[in-house]
Amino acid sequence: MTTAVAAPFRFFALRVARTTRLDASLVRVTFTGEDLQYFFSDGYDQSLSLFLPHPGQSEPRIPYELGDGWWQAWRELPDDVRAVMRSYTLRSLRRDTSGRTTEIDVDFVLHTPAGPASRWAARAAAGDRVVLLGPAIADNRAIRFRAPEDTDLVLLWGDETALPAISSILESLPAGLRVRAWLEVHDAGSVRGLATAADAEITWLVRGEGDHTGAEGDEGSPMALGALRAARLPSAERPYVWIAGESGCVKRLRRHFVGERGIDRRRVTFVGYWRRGLSEEQLREQE
């Protein structure tokens with residue numbers, strides 16, 4: 001059923017192979033399917049669009065037959081028919097001996113109250129069918145982490161939604177490269193060891209119950225900003241910064257690194273994975 005959209009991306013018909021509960025608020029879903037032989041990615045924060053069925057549907061509803069016109073037709077479908085679309089980061093992939101992708105992992109944050117994707121992930125079972133819009137070319141524009149070759153210090157910040165990407169980035173970094181990372185999570189149950197060969201110092205920021213990461217708007221997280229302002233960073237001539245998570249917080253932290261730390265804005269990558277108070281549909285309407 002693979003359908004080209006706009007190279008280097010295409011649709012992939014997949015099914016759930018298994019699920020793994022990582023902690024109270026995170027579940028890993030492993031997907032498989034014949035279409036994955038056409039899935040290629042070399043990115044450590046590879047962005048994907050996942051389409052999920054509504055309760056009672058056996059598969060997500062997407063008008064593939066319209067080719068590149070699927071997007072407008074999908075938007076015009078009734079809310080209770082149109083496939084639920086959410087953006088996620090590839091956590092990992094596995095290949096067979098011929099180099100073909102056989103499985104991919106996507107980590108889902110389980111929210112309370114639960115949205116449609118969170119509800120789906122909490123109940124996902126082997127055989128459940130989904131559709132993925134993902135990369136058919138390994139080096140593609142949905143990969144954002146691109147540290148220049150001369151980087152001598154990597155700085156990372158993310159909230160729960162960025163944890164899969166940061167975990168994958170840390171695993172990819174070479175031995176000896178200096179890294180400072182800040183991970184902001186809702187509770188201590190999300191804190192875990194992260195594998196890396198780099199010279200990494202990882203700081204976990206635990207918000208706790210009732211702390212909603214700052215006020216509405218662009219103020220971002222007071223905890224994150226305070227931790228970064230207080231941090232003594234190693235001296236570096238060519239640092240690279242990657243920030244991802246809630247849009248307001250990401251913007252505030254970017255201003256900190258560029259305006260207060262004096263880091264070249266061209267060496268700062270910032271990605272808003274979500275925006276407080278808006279669903280993904282509402283967020284895309286504003287794009």
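Contact, as the word is used here, means heavy atoms within 4.5 Å. By that rule, among the contacts in the protein with a separation of 6 or more, 68% are between residues 24 or more positions apart.

The structure is a predicted model, in which local features need pLDDT of at least 70 and side-chain atom pairs count only at pLDDT 80 or more, whereas totals for chains, interfaces and linings use all residues. Residues are numbered from 1 along each chain as its sequence is written, and side-chain values use heavy atoms, with hydrogens and water left out.

The protein has six helices and eleven strands, where helices (H or I, at least four residues) and strands (E, at least two) are DSSP runs numbered from the N terminus. Of its 287 residues, 49% count as buried, a term that means under 20% relative accessible area with a 1.4 Å probe, protein chains only.

| Residue | Element | Relative accessible area |
|---|---|---|
| Thr-30 | strand β2 (residues 26-32) | 3% |
| Leu-228 | helix α4 (residues 222-230) | 2% |

The side chain of Thr-30 makes a polar contact (a pair of N or O atoms within 3.5 Å; within protein, one must be able to donate a hydrogen and the other to accept it, and residues adjacent in sequence count only if both atoms are side-chain atoms) with the side chain of Asp-105, at 2.7 Å. Beyond its neighbours within four places in sequence, Thr-30 is in contact with residues including Arg-15, Val-16, Arg-94 and Glu-103.

Leu-228, not counting residues up to four places away in sequence, touches Trp-182, Leu-253, His-256, Phe-257 and Arg-261.

Technical notes: Buried means under 20% relative accessible area, exposed over 50%, partly exposed in between (1.4 Å probe, protein chains only).
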